[in-house]
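Reader: I would like to go through this structure and ask what stands behind each label. Please set each value against its cut-off.

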Amino acid sequence: MRELHHSSLTLLFFGLLGPACALTAQNTNPLEKQAQRPVEGSQPVSASGVNTGGAHPPVLDAQHRPITAGGFVKSGPTVFQDVATQAGLASWSHHMGSPTKPYILDSIGSGVALLDYDNDGWLDIYLVNGSTAEAVAGRAPSPHAALFHNNHDGTFTNVTAKAGVSNDRWGFGAVVADYDNDGWPDIFVSNFGKNRLYHNNHDGTFTDVAEKAGVALGNWSTGATWGDYDGDGKLDLFVPGYVHYDLANPPVSFNFCQFRGVKVMCGPRGLPGEPDHLFHNNGDGTFTDVSEHAGVGDKNNFFGLTSLFIDVNGDGKPDLLVGDDSTPNYLYINKGDGTFEDASFSSGYALNESGRETATMGIAAGDMTHNGRIDLYNTTFSDDYNPLYRNDGDGNFTDIAFDAGIAEPTVPFLGWGTAFFDYDNDGWLDLLMVNGHVYPQADQQNWGTSWAERPLLFHSEAGKLALMPAVEGTALAEVAPSRGMAYGDLFNDGHIDAVVNNMDSPPSLFRNVVKNGNHWIAFKLVGSSSLDTEKAGSPRDAIGATMYVTANGFRQRADLIAGGSFASSSDPRPHFGLGPATKLEKIEIHWPSGRIEQVAPPASVDGFFVIVEGKGAAVLQRM
């Protein structure tokens with residue numbers, strides 16, 4: 001067990017835990033299954049809730065508002081403006097369950113995916129929708145998911161009906177990849193109920209092939225991830241399971257299902273967990289469940305919410321992260337033989353610095369300090385801080401959130417989607433997270449938190465993160481019950497934007513409006529599965545590639561991933577801020593096939609370039 005550096009500091013700062021907190025860390029044996037004796041006619045319920053820490057004093061602003069819905073300043077740097085209405089996205093709204101959120105199924109929310117579905121060089125937007133008990137029973141229309149086509153002029157058009165991707169099920173997540181290597185992105189949608197795998201038909205439409213492919217499952221799936229775990233050139237699919245839920249017999253809300261003494265919906269603790277699934281891509285349009293053989297089946301039935309394939313130990317093979325709610329996180333190290341080693345506890349990733357499991361909602365991954373290693377950041381429940389895991393090498397991590405000075409500001413917030421990206425193109429990864437509570441009761445209590453919450457943005461100052469002010473009239477001062485978030489350059493102007501899926505509300509589009517003269521460069525990577533006869537090539541969309549760019553006096557790393565941020569999928573084009581640099585010194589790509597390729601830098605920057613595996617050249621992409 002790792003040394004608990006800050007357990008005493010946490011208690012000194014926030015006060016000792018008292019009897020007002022009904023959600024202290026019960027059932028704390030990390031290997032104990034969260035199962036109880038069933039109650040006749042209902043799902044079993046024991047100590048409820050998702051918070052594993054304790055109650056903290058409310059943090060209020062000068063107007064006595066919870067800091068999650070206040071703390072605004074009159075002036076300061078403007079980073080994002082919400083342009084969802086002008087862009088045409090506000091015509092669509094998310095819906096999930098009852099507004100009072102009596103059951104956990106009503107409260108989790110949904111994700112968003114960014115993809116260029118028609119290969120025109122511009123990112124389109126797919127927003128997942130939830131459902132209601134009435135819709136599932138056929139007594140009301142089903143809320144539709146939405147695919148918005150990018151019109152290249154700052155606006156988007158809803159093409160859902162034409163594309164055939166409305167889902168019409170109780171949706172949670174979306175993750176994008178070209179699973180059949182045909183050059184067109186496909187969409188996996190995770191649902192409560194059967195999942196969907198939308199195959200791209202190359203003509204602006206999709207066909208759901210989940211049943212034929214063998215990935216439909218059938219209970220509660222959440223934030224999935226794609227990755228070529230066995231190096232055969234075909235992308236495999238990992239799908240976390242959350243709670244095993246029976247809509248006909250929802251959990252009974254006993255009086256002990258409380259948060260800070262207030263009766264709330266029950267779960268996930270006390271409810272049966274749902275196992276995770278790893279699907280091997282057979283190369284013929286079908287997948288085989290290899291979870292048990294690979295060692296990632298989650299025999300503990302932890303409450304999985306998000307996942308990510310990414311190489312954390314630098315051996316060129318994608319490892320697997322699983323963010324679990326109220327239970328320890330998983331880190332599986334890829335052994336290279338089709339199986340994984342469970343290094344969750346030995347790596348330091350299973351728990352936070354205080355030795356507690358957390359309610360992990362989203363995972364951000366990136367090289368914060370230009371040392372070539374992937375660091376990790378997890379969003380968690382309110383009354384707990386968000387851990388920042390520094391990569392110490394060889395897949396070992398240390399939670400440094402307190403040392404980095406970014407732990408305390410996150411405590412009142414309940415975080416979901418999160419990501420590292422360079423919003424000001426200075427060459428250092430910044431950190432964005434969106435927030436929102438699961439208990440509507442928060443607005444009637446003096447908890448110092450709220451149902452709708454503002455986002456948090458940390459700016460990197462040469463690797464040291466500093467909280468950006470929430471300036472009135474900007475997106476950082478926008479208060480919403482946010483859930484999924486995906487980032488990408490939606491306007492092809494070299495600035496990273498973000499799309500947020502808000503619970504029971506229209507989405508947000510945070511347009512990046514920073515103007516500072518910094519330069520940038522971005523790439524579309526194309527893998528090849530037929531480069532040589534000795535081994536498989538890379539997946540066509542190059543998911544799993546690691547790219548290094550040297551410029552401006554340092555070497556940056558970017559990984560091509562699918563997943564991580566809560567139930568969401570971001571821009572697949574690696575983006576590098578260059579600061580004042582107007583040329584690159586070096587480009588190096590570690591392809592999923594194992595090929596390490598040096599690519600001649602282009603003569604210019606401030607543009608998108610295409611690199612095809614084995615060609616050794618970066619070609620300017622014409623939009």
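Author: Of the 623 residues of the chain, 63% count as buried. This is a predicted model, in which local features need pLDDT of at least 70, side-chain atom pairs count only at pLDDT 80 or more, and totals for chains, interfaces and linings use all residues. Residues are numbered from 1 along each chain as its sequence is written, and side-chain values use heavy atoms, with hydrogens and water left out.

Reader: What makes a residue buried, exposed or partly exposed?

Author: Buried means under 20% relative accessible area, exposed means over 50%, and partly exposed is in between, with a 1.4 Å probe and protein chains only. The areas come from the Shrake-Rupley method with a 1.4 Å probe, and for residues only the protein chains shown count as cover. The accessible surface of the chain comes to about 21000 Å², and 52% of this belongs to carbon and sulfur atoms.

Reader: How many helices and strands does the chain have, and what makes a run count as one or the other?

Author: There are six helices and 40 strands. Both are DSSP runs numbered from the N terminus: helices are H or I with at least four residues, strands are E with at least two. As for contacts (heavy atoms within 4.5 Å), 63% of those between residues at least 6 apart in sequence join residues at least 24 apart.

Reader: Why is the link of C257 and C266 called a disulfide?

Author: A disulfide is a pair of cysteine sulfur atoms within 2.5 Å. The sulfur atoms of C257 and C266 are 1.9 Å apart, so the pair qualifies. The structure holds one disulfide. With 110 degrees about the S-S bond, the link is right-handed.

Reader: Are C257 and C266 buried or exposed?

Author: C257 has a relative accessible area of 0% and is therefore buried. C266 is buried too, with 2%.

Reader: Why is K335 called partly exposed?

Author: K335 has a relative accessible area of 49%, so it is partly exposed. K335 is found in the loop between β19 (330–334) and β20 (340–342). Not counting residues up to four places away in sequence, K335 touches K317, F340 and E341. K335 and K317 are 18 residues apart in sequence and 8.2 Å apart in space, C-alpha to C-alpha.

Reader: What makes a space a cavity or a pocket?

Author: On a 1 Å grid over the protein atoms alone, a cavity is a set of points where a 1.4 Å probe fits but cannot get out; a pocket is an open set with protein on both sides within 12 Å along at least five of seven lines. Lining residues have an atom within 4 Å of a point. Grid points are joined across faces, edges and corners, and a volume is the space filled by probe spheres set on the points. By this rule there are five cavities of 30 Å³ or more, and the largest cavity has a volume of about 500 Å³.

Reader: Which residues lie nearest the centre of the largest cavity?

Author: They are A365, F420, Y487, A558 and D559, out of 35 lining residues. By class, the lining has 18 nonpolar, 11 polar and six charged residues. Ala, Val, Leu, Ile, Met, Phe, Trp, Tyr, Cys and Pro count as nonpolar, Asp, Glu, Lys and Arg as charged, and the others, Gly among them, as polar.

Reader: What is the volume of the largest pocket?

Author: About 490 Å³ of space lies in the largest pocket. Among its 29 lining residues, N119, P185, K524, D541 and P572 are the closest to its centre. β33 gives the largest share of that lining, four residues.
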